[in-house]
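Here are my notes on this model, as numbered points. Please read them with the structure open.

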Amino acid sequence: MSRFLARVLIAALGLWLAASVVPGVSYAGWPDLLLAALLLGVVNAIVRPIVFLLTLPLTILTLGLFLLVVNAAMIGLVALLLPGFTVAGLVPGILAAIVTGLVSWVGQMALGDGRGD
C-alpha cells in the first residue's frame, strides 16, 4: 500500500512539474493534482494497454515515437474526466507526457523494484 501511495505522489509531482514548465497544462489545486495522479494511474492500467494494442502497427512504423501521442492522449483523457486539471492541446499533452514520464522514471529508480534483496 505504501508503494502505491508513493507512486501516486511521484505521479502528482510529475504532473505538478509539467504544469509548472509546460504552458497549457494547469490544475486548480493540490487535491485536483492528487486526484489527477490517481486517475492517471487507473487510466494507464485499464485504457492504455487497449490503446497500445490498437495502435501497435503505427507505433512500430514510427519506431515507438507514437507512444508519446498515446501517453499524451492518456493525460488528455484525465483532463477530460477531471474538471480541475486541464491540458490545452496535443503539444502541451506531449510535453506533459515527457515531463511526467521522466519524473516517474526517476521515482521508480528511487523506489526500486519492490523485491526484498
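1. Contact here means heavy atoms within 4.5 Å. By that rule Leu 38 touches Phe 4 and Val 8, not counting residues up to four places away in sequence. Leu 38 has its place in helix α2. Helices are DSSP runs (H or I, at least four residues), numbered from the N terminus. Leu 38 and Leu 9 are 29 residues apart in sequence, yet 8.7 Å apart in space, C-alpha to C-alpha.

2. Some ground rules. This is a predicted model: local features need pLDDT of at least 70, side-chain atom pairs count only at pLDDT 80 or more, and totals for chains, interfaces and linings use all residues. Residues are numbered from 1 along each chain as its sequence is written, and side-chain values use heavy atoms, with hydrogens and water left out.

3. Is Leu 38 buried, exposed or partly exposed? Buried means under 20% relative accessible area, exposed over 50%, and partly exposed in between (1.4 Å probe, protein chains only). Leu 38 is partly exposed, with a relative accessible area of 35%.

4. Now the core. A nonpolar core is a set of buried Ala, Val, Leu, Ile, Met, Phe, Trp, Tyr and Cys residues joined through side-chain atoms within 4.5 Å. The largest one has 22 residues, and Leu 15 and Phe 85 have the most contacts inside it. At least two residues of this core come from each of α1 (2–21), α2 (30–54), α4 and α5. α1 gives the most, with 6 residues. Phe 85 touches Leu 15, Val 25, Ser 26, Tyr 27, Ala 36, Ile 75, Val 78 and Ala 79, again not counting residues up to four places away in sequence.

5. How do α4 and α5 cross? The axes of α4 (residues 66–81) and α5 (residues 90–111) come within 8 Å and cross at roughly 100°. α4 is therefore roughly perpendicular to α5. Angles under 35 degrees count as roughly parallel, over 145 as roughly antiparallel, 65 to 115 as roughly perpendicular and the rest as oblique. On the α4 side the contact uses Leu 68, Val 69, Asn 71, Ala 72 and Ile 75. The α5 residues include Leu 90, Gly 93, Ile 94 and Thr 100. By class, this contact has 9 nonpolar, 3 polar and no charged residues. Ala, Val, Leu, Ile, Met, Phe, Trp, Tyr, Cys and Pro count as nonpolar, Asp, Glu, Lys and Arg as charged, and the others, Gly among them, as polar.

6. Thr 100 sits in helix α5. Thr 100 is buried, with a relative accessible area of 6%. Thr 100 touches Ala 11, Gly 14, Leu 15, Ala 18, Leu 40 and Ile 75, not counting residues up to four places away in sequence.

7. α2 and α4 pack at an angle of about 130°, with their axes 9 Å apart. That makes α2 oblique to α4. Among the residues in contact are Ala 36, Leu 40 and Arg 48 of α2 and Asn 71, Ile 75 and Val 78 of α4. This contact has 14 nonpolar, 2 polar and 1 charged residues.

8. Two loop residues deserve a look. Thr 55 lies in the loop between α2 and α3 (56–61). Thr 55 counts as buried, at 16% relative accessibility. Leu 63 is in the loop between α3 and α4. Leu 63 counts as exposed, at 78% relative accessibility. The phi of Leu 63 is near 55°, a positive value in a residue other than glycine.

Conventions
Axes fitted to C-alpha atoms, helices over the stretch in contact; angles between N-to-C directions.
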